[in-house]
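Take a walk through this structure, starting with confidence and ending with a single residue.

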Amino acid sequence: IISPLDILNAQEKKFILFTEGDSDLRFLKIWAEKLQHPVLSKLKDIFFEPTKTNQIDPARDKFKALKLAETNFKGFFVRDNVSITQSDGVPDGLKIEYWKRKEIENYLIIPDLLARFYANQGVGGLFFMSDKDKAIKYLKENLSPKVFNQPIDNDIDSKGSSFLEKFFQEIECFTSKSDYWKIADLMEEKEIHPDVRNMLDAIHSHSQ
């Protein structure tokens with residue numbers, strides 16, 4: 001379950017961050033930088049493990065093994081809000097926090113942001129507005145008026161990754177899920193949901 005390098009990291013850093021995928025850490029770093037959050041320095045040099053699943057088992061098992069190597073050890077698992085683990089299945093020192101929206105990608109469903117991203121994928125110049133209009137048209141037709149007009153205050157009912165996949169297919173912008181962090185890289189501070197700051201706060205607090 002653990003390697004000699006894992007043991008060294010546990011003994012040196014006393015903390016591990018789990019997320020489902022590698023790109024989740026990219027999201028957190030980007031948002032922390034844009035918000036000038038104090039957890040950024042921790043995220044830049046963190047003991048990190050992508051679980052490749054939203055289930056707790058891999059994180060729980062690895063954390064328990066690392067805890068044997070370093071008793072003064074803590075962990076944090078950022079999870080999508082699609083399945084909940086009972087607290088009695090979580091070992092002491094491992095904190096689990098769930099996004100309030102279904103997935104981390106749900107925080108990217110902001111029409112102006114997605115239109116900017118799509119336009120930036122094109123050649124620019126004379127095509128910029130037509131590209132942007134094409135994206136806005138799709139979003140207006142496929143989002144509820146509340147989500148379209150007030151995306152920070154309202155969320156879609158489905159998984160954000162599924163919506164984005166369909167969106168990019170329909171507008172013929174070939175962007176893979178592993179590159180969705182690039183959308184976050186275009187966000188303005190006002191477009192970052194308070195849930196994000198709360199998650200960064202929680203990581204920062206538990207890693208102390």
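This is a predicted model. Its chain averages a pLDDT of 92, and 93% of the residues score at least 70. Among the elements of the chain, helix 10 has the highest confidence, at 98. Helix 6 (residues 128-142) has the lowest, at a mean of 83. One stretch calls for caution. Over residues 123-128, pLDDT stays under 50. For these residues the model has two contacts beyond four places in sequence.

Now turn to a helix pair. Two packed helices are described by the angle and the distance between their axes. Helix 2 spans residues 22-34, and helix 10 spans residues 194-206. Their axes come within 10 Å and cross at roughly 100°. An angle of 65 to 115 degrees counts as roughly perpendicular, so helix 2 and helix 10 are roughly perpendicular to each other.

Which residues in helix 2 and helix 10 meet? Helix 2 brings Leu28, Trp31 and Ala32. Helix 10 answers with Val196, Leu200 and Ile203. The residues of this contact divide into six nonpolar, no polar and no charged.

Thr175 sits between helix 8 (160-170) and helix 9 (181-184). Is Thr175 buried or exposed? Its relative accessibility is 15%. Buried means under 20%, so Thr175 counts as buried. What does Thr175 touch, not counting residues up to four places away in sequence? Its partners are Phe117, Phe168 and Tyr180.

Terms used: Residues are numbered from 1 along each chain as its sequence is written. This is a predicted model: local features need pLDDT of at least 70, side-chain atom pairs count only at pLDDT 80 or more; totals for chains, interfaces and linings use all residues. Side-chain values use heavy atoms; hydrogens and water are left out. Helices (H or I, at least four residues) and strands (E, at least two) are DSSP runs, numbered from the N terminus. Buried means under 20% relative accessible area, exposed over 50%, partly exposed in between (1.4 Å probe, protein chains only). Contact means heavy atoms within 4.5 Å. Axes are lines fitted to C-alpha atoms, for helices over the stretch in contact, and angles run from 0 to 180 degrees between N-to-C directions. Angles under 35 degrees count as roughly parallel, over 145 as roughly antiparallel, 65 to 115 as roughly perpendicular and the rest as oblique. Ala, Val, Leu, Ile, Met, Phe, Trp, Tyr, Cys and Pro count as nonpolar, Asp, Glu, Lys and Arg as charged, and the others, Gly among them, as polar. pLDDT is the predictor's confidence in each residue, from 0 to 100.
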